[in-house]
Amino acid sequence: MADITVTIGKHTFQNPVFAASGTFGYGLENPDLVDISAFGAIVTKSITRQPREGNPPPRIVETPSGMINSIGLSNIGVDKYVSDMAPKYADIGCPVIMNIAGSSEDEYCEIVEITESVNSNIIGYEVNISCPNVKHGGIEFGVNAELTESLTSKIRKRTGKLVIMKLSPNVTDIRSIAKAAEAGGADALSAINTVYGMSINPHTKKSEIYTTYGGLSGPAIKPVGLACVHKVSLAVDVPVIGIGGITSGKDAVEYILAGASAIQVGTANYRDPATGISILDDLKRYLAEQNIATVAEMIGMVETYES
Ligand SMILES: Cc1cc2nc3c(=O)[nH]c(=O)nc-3n(C[C@H](O)[C@H](O)[C@H](O)COP(=O)(O)O)c2cc1C
C-alpha cells in the first residue's frame, strides 16, 4: 500500500486530508456523523480574542457551483475556547489545528499567548489573514507583504508549535505575500480562503448577503485555488496546504500535483461531513492505479507547457 503520510514542519500527518476552518466547527460537533480519527487533521473555525456574534443574517446563500458566506467570525472567544473546547481534544484521535483571527497584531499575539499558557492539546495555529467578511478581520494583513511578515514573526516568537499562514486569493500578487510569510518564519502556508463575491435576488432586487459582499467557496473556486497553490509552491520552500472547491479524490490529486502537501475540505462538508473520508479512499485508489508509492513524490508533479 502507498505511503500516504505527509510532513509539515515537525509534524508527520497520517494522511493529507484535513477539514477546513469554519466548515467543521470546533472539531467536536460531528462525532456521530463521521469518524474524525480518519482525518489527517482538523482545523477549527477562527477563534478571536473576544467572543463574536458574527454578522446579521442573511449570511449564507447558494450560488452556481458554490456558496457565498459572510459569517463574520462568529465564535466563543479564546478564553472559553481554551477552558471548554481544548481539553476535549486530548482524546478525539485527530490532530487539531487552531485557526485564529484578529484585527491587530496585539490581538493575534494575545490569542497565542493565552493558548500557549495552558495545555491546549492543539498542534499548531492556522493564522487567518484572509477573511473577506469582516471590516477588521485580518485581510488588512493578508493583502500587505510587510504586515504579513511582521505578524508572522511575532507569532513565530511566541510558539514552537506549527505556524501556518492562510492566504487570500483577493490580492494582486499572492507570491509576494507567501514569501513574506515564509520570511517571517511560517512553517507552512494554506491557500486559499474565499474569493469576494456578491449575489442579487432579481425578484426582490435585494442583495442576498447582509454585508453586500461575502466569500465565495465550493467547486466554483477550484481553478482559482489550483492556480494560487501552483504559484505559491513555486515561490516558497515551505509546504503549501491546498484549499478551494475540493469535493472528490480527483480534486485532491489535482491540488497535490499543483504543489500542495496536504489539502483541506471545506464547503463539501455541508453536504456530507464524511466527504474527507471518501476523498481519502479515492486518493488511495488513484495511487494504487498509478503505481505511485508515496503521496510525497506526487507533490508538484504537474507537467506544464512552460517551465
Ligand atoms: C461557512 C464558512 C465559514 C468559514 N469560516 C472560516 C473561518 O472561520 N476561518 C477561516 O480561515 N476560513 C473560513 N472559511 C474558509 C474555508 O476554510 C476555505 O478556505 C474556503 O471555504 C475554500 O474552501 P472550500 O471551497 O472547500 O469551501 C469558511 C468557509 C465557509 C464556507
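**The chain and its parts**

Of the 307 residues in the chain, 50% are buried, meaning that 20 or more other C-beta atoms lie within 10 Å of the residue's own, with C-beta atoms placed from the backbone (12 or fewer makes a residue exposed, and anything in between partly exposed). Please keep in mind that this is a predicted model, in which local features need pLDDT of at least 70, side-chain atom pairs count only at pLDDT 80 or more, and totals for chains, interfaces and linings use all residues. Numbering starts from 1 along each chain as its sequence is written.

The chain holds 9 helices and 16 strands, taken as DSSP runs (H or I, at least four residues; E, at least two) and numbered from the N terminus. Its radius of gyration, over C-alpha atoms, is 18 Å, close to the 19 Å from the globule rule (2.2 Å times the number of residues to the power 0.38), so the chain is as compact as a globular protein of that length. The C-alpha trace spans about 50 × 50 × 45 Å along its principal axes.

Now look at helix H6, residues 222-235: its 14 residues reach 20 Å from first C-alpha to last, close to the expected 20 Å, which is 1.5 Å times one less than the number of residues. Among its buried residues are Leu226, Cys228, Val229 and Val232. The buried residues of H6 pack against several elements, including helix H5 (174-183) and helix H7 (249-258).

Finally, turn to the ligand. Of the 24 residues around the ligand (C-beta atom, placed from the backbone, within 6 Å), Gly22, Ser46, Ser217, Gly266 and Thr267 come nearest.

Definitions and conventions
Two residues are in contact if their C-beta atoms, placed from the backbone, lie within 7 Å.
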